[in-house]
Amino acid sequence: MTIKALDRRTVLRGMLATGAAVTIPLPLLEAMLNTSGTALAQTSTPVSPLFVSWFFGNGSLPGRWKPTSTGTGTAWALSPQLQPLAEVKSHLTVISGLQNNVHVSGVEHPTGSAGATTGAGLNGNAVKAKSIDQVVADVISQGAPYRSIEVGVTPATPNGPQDSLHSVSHRGPNARNDAEYDPKAVFNRLFMGSTMQPPPDTGTGGSGGAGMNDQAARLARVRKSVLDAILEDGASLKSRLGVADQQRVEQHLESIRAIERRLDTMTGTGGTGAGGSGAGGTGGTLPPACGSVMAPTAGKDAQSEAPPAVNTAMAELTTLALACEKTRVATFMFSLPAAHVYYRHLASNMNDDFHDTICHGDAGDQSNQPRVDTGVVYAMRCLNEFLVKLKNTPHGSSTLLDASLVFVTSDTAWGKTHTKTEWPVLLAGKAAGRLRGDEHHNFPSENLSKALLTVAQIMGSTATELGLDAGRVTAPLSGIRV
């Protein structure tokens, strides 16, 4: 018999071989919604849109980023640097022409980062205001297990002490949320029941201290997959669901299983995943590499190069965190502001500091710096991987990408000379029907903070102004919100 009005907080429960209890949250199922799919059936609470800040350092080539025409649908085409997003064009809202008014000469990257995420400048090394993800969290995060999560692909660091160089998520002045760069640590926190908190600032994207090491070591000693522990509860639930929801639960559990396998084969000790929950998915134990009591370092970028495997792992984990409503707000730091990253895995001519040597040193103009173009296109390919995962993940009566607003920006416009006009801004997703998608809007010389206020209002904020000083605005961008 099919369940009616399943509680949104329903989880699958089981016991690990160590005796520890484990729970796996479920994605939003049709059985949890009212007949129109717009609210939770048990409480009549409207389904909240989800939010992600997706940040990439060192800017773009404005001449290759900005589409040549504005409009909707076939009236506009993706620019060369946005071509990697072709699969999700129907869910893109490109906003061009914006200017960062708190951008200060001499500290362009720190003030650029602060302006693009908070709408305000700096007071010494501290930001002056909350970042947009935390503004949104104030509105939609009540009741979620985590107010927000922050993950990163590469800890490649910039030069400088300002908080806005080391994070793009801030709860306010002197209260930054640093990213976790170790996929296995993120997995532990999401699925081992521990509290996710920002790791301490080590200057190198450290693994998060003794507390995280204890959690990681505990997982490494577990001989049973997390999923194996809850299969019985899952089977019981599936027998009471409709066909569509049964398929969603099965896909959800397999997604977690796939991440387990990938993380277990990415260890520095060379585990192959041949045993246990390997490619066949039939075993009940983890690969031998996970038997060590040492804290796992699997997948973390140790070479400052933003490798594809780490991006894939973080994209999958962030997608699951949103699907399971572990959080409704995430910050995905692909690369930090002014990051000294080396994209050496892309081509033989890319083994140089992307910030110093390539962005600043290579000859060219805003439309012609080939190695810069290679780096930006790679970042957009990585963004596309995340957006496609959201698009392919059912969420209630639609998909995660339909339900989400992904705010994409950087810390400068053109990195070579730190320009502040034609700032890269992209909104992906449809924010639960509040964005149309497949549009390009041009707002010549408009204040970048208007994009932040627009995002805040789309996500449900009643704020009528945002930003400080030259970044202060009292109106959103027109024509963006449905």
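**Close-up views of a predicted model**

**View 1. Strand S13 and its two partners.** Strand S12 (residues 404-409) and S13 run antiparallel and are joined by four bridges. The model shown here and in the views below is predicted. On this side of the pairing, Thr 409 stands opposite Val 425 of S13. Strand S5 (residues 92-96) also pairs with S13 in the antiparallel sense, over four bridges, and here Val 425 is the bridge partner of Ile 95. In a regular strand, side chains alternate between the two faces of the sheet. Within S13 (residues 425-428), Val 425 and Leu 427 point one way, Leu 426 and Ala 428 point the other way, and all are buried.

**View 2. Thr 412 in the loop between S12 and S13.** Thr 412 is found in the loop that lies between these two strands. Its relative accessibility is 0%, so Thr 412 counts as buried. Beyond residues up to four places away in sequence, Thr 412 touches Asn 58, Gly 59, Ser 60, His 109, His 418, Thr 419, Trp 423 and Pro 424.

**View 3. The largest nonpolar core.** This core has 63 residues, of which Trp 54, Leu 85, Phe 334, Met 380, Leu 387 and Val 406 touch the most other members. Helix H11 (residues 370-391) gives the most to the core, with 11 residues. A second, separate core of 30 residues includes Phe 51, Leu 452, Val 455 and Ile 458.

**View 4. Surroundings of Phe 334.** Leaving aside residues up to four places away in sequence, the contacts of Phe 334 include Trp 54, Phe 55, Phe 56, Tyr 343, Tyr 378 and Cys 382. Cys 382 has a relative accessibility of 4% and therefore counts as buried. The structure holds zero disulfides.

**View 5. Aromatic pairs.** Eight aromatic pairs occur in the structure. The ring centres of Trp 54 and Phe 332 are 5.9 Å apart and the planes are at 20°, so this pair is stacked. Trp 54 lies in strand S3 (residues 50-55) and Phe 332 in strand S9 (residues 329-333), so the pair ties together parts 278 residues apart in sequence. Trp 54 is buried, at 0% relative accessible area, and Phe 332 is buried, also at 0%. Tyr 343 and Phe 354 form an edge-to-face pair, 5.1 Å centre to centre with 65° between the planes. Tyr 343 lies in the loop between S9 and helix H10 (354-360), and Phe 354 in helix H10. Ring pairs link Trp 54, Phe 56, Trp 65, Phe 332, Phe 334, Tyr 343, Phe 354, Tyr 378 and Phe 386 into a cluster.

Definitions and conventions. Residues are numbered from 1 along each chain as its sequence is written. This is a predicted model: local features need pLDDT of at least 70, side-chain atom pairs count only at pLDDT 80 or more; totals for chains, interfaces and linings use all residues. Side-chain values use heavy atoms; hydrogens and water are left out. A nonpolar core is a set of buried Ala, Val, Leu, Ile, Met, Phe, Trp, Tyr and Cys residues joined through side-chain atoms within 4.5 Å. Buried means under 20% relative accessible area, exposed over 50%, partly exposed in between (1.4 Å probe, protein chains only). Contact means heavy atoms within 4.5 Å. Two strands pair if DSSP finds at least two bridges between them. A disulfide is a pair of cysteine sulfur atoms within 2.5 Å. Rings of Phe, Tyr and Trp (its six-membered ring) pair if their centres lie within 6.5 Å; planes under 30 degrees apart count as stacked, over 60 as edge-to-face and the rest as tilted.
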